[in-house]
Amino acid sequence: MDYKDFEDIESLESQRIGFDFKGFLFKALNLWKLVLLCVGVALIIAYFINVRKQNIYRLDSLITIENDQNPFFTANTSISFNWGGVSGKVSSIITEVKTRTHNELVVDSLEYYKEYLRQGKYHLLDIYKESPFEVITNKSKPQLINVPIKIKDVDGKRFELSYEIEKVNGVTLQFDSRTKASIKLKSESFKQVFDYGKPIELPFFNGVIALKPNVAYDNESDYFVRYLNFDSIVENYKNIINIAPSSGEASSVLRLSMIGKNKSKIVDYLNATAAILSKTELERKNLYATNTIKFIDSSLGNVNEDLKLVTDEMNNFRKNNKVFDVEEEMLQISNQLRVYEQEQLQEESKLNYLNSLENYLRNKTDYTQIAAPSSAGITESNILLSVSRIIALSVERRNLEYSTKEGSILFDDLDRKIDTEKNVLIEAISSTRNTISVQLSTIARKIANLEGKLIGLPEDQQEYLKIQRKLDLSQEAYNIYQAKRSEAAIVKAANVSDITVIDEAKDIGNPPIGPKKSLNYMLALMIGFFTPMFLIFVIYLLDSTIHGSDEIEKMSKIPILGLIGKYRYKNNLVAYEKPKSAVAESFRAIRSSLQFVFKNNPSDTRASTLMVTSSVSGEGKTFTSINIATVYALSEKKTILLGLDLRKPKIFGDFNITNEKGVVNYLIDDSSLDEIITHTHIKNLDLITSGPIPPNPSELLMGNRLKELISQLKDQYDIIILDTPPLGLVTDALELTQYADATVFMVRLDYTKKGMLQLVNAKHRTGELKNISFILNFYRHKSNHNYGYGYGYGYGYGYGVYGNAYHEKEDNSLIKKVRNLFKRR
């Protein structure tokens with residue numbers, strides 16, 4: 001094998017490895033009807049999806065978070081409430097809107113666990129406020145969930161309540177306690193008539209159904225009420241409601257938005273969300289004042305008890321002693337002593353509050369219950385600011401628990417801030433307590449000096465002045481606490497929420513934002529196009545059969561001798577019985593091409609030998625052998641067709657002869673040459689059948705008797721056609737190549753495997769097959785399939801479409817086509 005042979009092999013291998021994009025494109029073009037069908041089906045599916053989908057709407061509202069100052073809170077107010085600023089509240093509100101607790105309040109206030117439905121063309125429609133009746137739910141009784149209960153008007157005063165269900169087990173839910181229970185249902189349908197406005201108590205429904213006066217009842221429509229799982233509805237709304245700053249992250253204006261299928265329900269949910277947020281924020285804002293009022297009330301109760309005791313003590317003293325006068329100087333000293341004792345009482349009250357506050361800080365973890373320090377008379381700014389910060393951080397941590405798992409880094413950060421603020425407050429408490437202790441010591445010394453001046457008075461006068469001072473102190477303390485309590489109550493009552501709605505949600509004819517019908521059609525178009533294209537691609541990659549002459553050109557350097565079109569006929573004698581057919585013309589074209597082959601390879605005698613073989617059975621080897629022999633015989637060439645396929649003989653059936661004697665009989669020396677030759681009804685065409693099937697066909701074909709047979713036939717005939725076994729199945733054909741001047745290898749399109757061409761190429765390169773050519777059987781002329789050739793309808797010398805004018809018109813009727821479908825190829 002020389003260098004050129006290796007170069008050819010390398011070229012062929014590179015052609016086989018590369019992907020034939022052009023071939024794939026033409027393959028897809030051949031199946032354009034399939035692609036068009038898939039696109040059409042996909043578009044039809046998209047249409048039915050679009051008409052069944054309900055419109056989806058988006059609505060929104062705007063709220064603002066401001067530090068609204070209480071109108072009654074002025075610089076002269078004795079009780080100081082540090083409400084904090086806007087910073088931190090924005091993120092807290094955003095977090096709260098997405099919490100389960102908040103959405104439970106909204107769903108429960110709107111009763112969105114109850115649906116009013118009307119049967120639409122494709123599905124049940126949520127009609128909400130358009131329902132002609134109202135269902136008043138008995139929340140303390142169980143309600144069947146996830147099952148539509150039909151309500152049909154009877155006469156304007158009564159209605160029919162019914163349901164149809166196949167399952168036996170149902171689930172009921174009691175909405176006040178949120179408890180679930182299983183219930184056994186009747187598999188058959190339930191129907192019963194009730195009066196409007198009367199309570200209904202059933203195992204699956206408990207409530208009152210009343211007609212709405214301003215909504216017309218459409219008797220042509222079917223109406224339903226359906227209760228839903230409360231937890232599932234809350235989870236759904238928690239996921240679909242959105243809140244975000246309106247402009248920039250630092251903005252105090254927040255936009256609430258939601259998408260859904262019913263605009264009225266969206267409007268109500270957004271407005272209810274804003275209202276509940278405002279109410280919750282006001283309650284949180286009043287928490288400080290509420291705790292302070294509780295502290296004042298408890299202190300006021302103690303002072304009131306002391307006042308009662310001292311008053312009783314004074315009354316008893318006066319009852320048991322005579323009324324007497326005290327000197328003016330002694331009264332002044334007693335009044336001064338009362339002032340010091342009052343100061344002492346105030347400082348002790350501050351000290352008690354600080355001790356209580358420190359003990360609370362060290363032993364408690366919830367710091368939201370701290371009362372205002374100013375309620376005990378403490379005015380130190382450090383303590384007031386620290387207490388307000390600790391309360392704000394504690395409230396923020398409590399809100400975070402609704403939306404964040406325990407152990408989150410957010411909790412750690414808040415806890416660090418609270419601990420830091422708590423340590424600062426404890427230090428401030430300790431410092432203030434030391435200052436108060438010094439003041440108490442000073443006041444105690446002053447009281448002791450004044451009490452020393454009163455020692456000279458009679459005991460009854462001293463006792464009188466002492467009780468009088470106690471009475472005055474208790475009365476003054478009572479008045480102070482009473483004033484502070486009234487002031488705190490006024491401040492709380494006049495307080496306003498920091499959350500204000502600046503643009504409430506409203507249905508102003510908002511157009512739907514979905515479904516994206518054009519997008520669905522586009523997706524359907526893409527899926528309908530690319531799905532068959534992908535399948536065609538996979539089939540193209542996995543396809544190992546030969547479909548066109550261009551593939552043979554790429555895979556082999558062996559020339560193509562001719563093309564035979566697909567032609568259905570009752571036997572193989574097409575060239576003889578249908579001489580004007582296109583197939584007969586293709587065999588004549590092959591005969592012409594063979595003349596050039598035989599001229600380039602002259603033999604030692606006048607007879608030319610042609611061997612016809614194939615890779616496997618069914619590729620048209622026998623059909624080609626008979627028709628090539630026929631066209632040679634019709635051209636006045638003395639021709640003999642020799643059946644050498646000893647394993648599966650075929651050629652005798654078309655000539656109405658038997659296979660009793662043939663080549664096998666001659667090879668085993670059982671018959672002479674004249675005895676096995678059969679003269680057919682076709683002039684100049686003789687036939688030698690294969691004869692009985694022998695047990696050793698290969699050994700017979702390798703013997704000298706076959707060589708003698710071929711030698712004798714060359715002396716008697718002009719053309720010898722050898723019909724041989726398939727090359728890809730047995731080795732007999734290779735043994736017969738020594739007798740052939742030319743070899744024809746049959747390739748049936750859409751049938752012959754590409755691997756067989758590689759086998760032929762290998763045999764040709766090694767010299768086992770010489771002077772070989774391809775004939776393509778079942779050829780169909782398609783310019784987009786066999787782009788490597790310019791042949792016409794199955795024969796390759798310029799006949800084209802116009803050549804059909806010289807052919808017999810074939811029966812292309814519908815009946816003929818239907819009949820052909822049931823014929824075997």
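This is a predicted model: local features need pLDDT of at least 70, side-chain atom pairs count only at pLDDT 80 or more; totals for chains, interfaces and linings use all residues.
The account opens with strand E18, which spans residues 608-614. E18 is mostly covered, since seven of its seven residues are buried. In a regular strand, side chains alternate between the two faces of the sheet. Accordingly, the residues of E18 may be listed by side: Ser608, Leu610, Val612 and Ser614 lie on one side, and Thr609, Met611 and Thr613 lie on the other. Both faces are covered, with the residues on each of them buried.

Strands of a sheet pair through backbone hydrogen bonds, in either a parallel or an antiparallel sense. E18 has a parallel pairing with strand E22 (residues 719-723), formed over five bridges. Within that pairing, methionine 611 has leucine 722 of E22 as its bridge partner. E18 also pairs in the parallel sense with strand E23 (residues 742-748), again over five bridges. There, valine 612 stands opposite valine 744 of E23.

Threonine 613, also in E18, can be examined individually. Its relative accessible area is 1%, and because buried means under 20%, threonine 613 is classed as buried. Its side chain is joined to that of threonine 724 by a polar contact of 3.4 Å. Apart from neighbours within four places in sequence, threonine 613 is in contact with Lys621, Thr724, Pro725, Pro726, Leu727, Ala733, Thr743, Val744, Phe745 and Met746.

A second sheet may now be considered. This sheet is open and has three strands in the order E5-E8-E9, paired antiparallel. Strands E5 (143-144) and E9 (179-184) stand at the edges; each has a single partner strand, so one side of each is left without a neighbour in the sheet. Strand E8 (residues 169-174) is joined to E9 by six bridges, and the two strands run antiparallel. One of the bridge pairs places leucine 173 with lysine 180 of E9.

The helices come last. Two packed helices are described by the angle between their axes and the distance between the axes. For helix H3 (residues 32-52) and helix H13 (residues 517-542), the axes come within 8 Å and cross at roughly 150°. Because angles over 145 degrees count as roughly antiparallel, H3 and H13 are roughly antiparallel to each other. The crossing of H3 past H13 is right-handed. Residues of H3 that make the contact include Val35, Cys38, Val39, Ala42 and Leu43, while those of H13 include Tyr521, Ala524, Leu525, Gly528 and Phe529.

Notes. Residues are numbered from 1 along each chain as its sequence is written. Side-chain values use heavy atoms; hydrogens and water are left out. Helices (H or I, at least four residues) and strands (E, at least two) are DSSP runs, numbered from the N terminus. Buried means under 20% relative accessible area, exposed over 50%, partly exposed in between (1.4 Å probe, protein chains only). A polar contact is a pair of N or O atoms within 3.5 Å; within protein, one must be able to donate a hydrogen and the other to accept it, and residues adjacent in sequence count only if both atoms are side-chain atoms. Contact means heavy atoms within 4.5 Å. Two strands pair if DSSP finds at least two bridges between them. Axes are lines fitted to C-alpha atoms, for helices over the stretch in contact, and angles run from 0 to 180 degrees between N-to-C directions. Angles under 35 degrees count as roughly parallel, over 145 as roughly antiparallel, 65 to 115 as roughly perpendicular and the rest as oblique. A crossing is left-handed if the near helix is turned anticlockwise from the far one by less than a right angle, and right-handed if clockwise.
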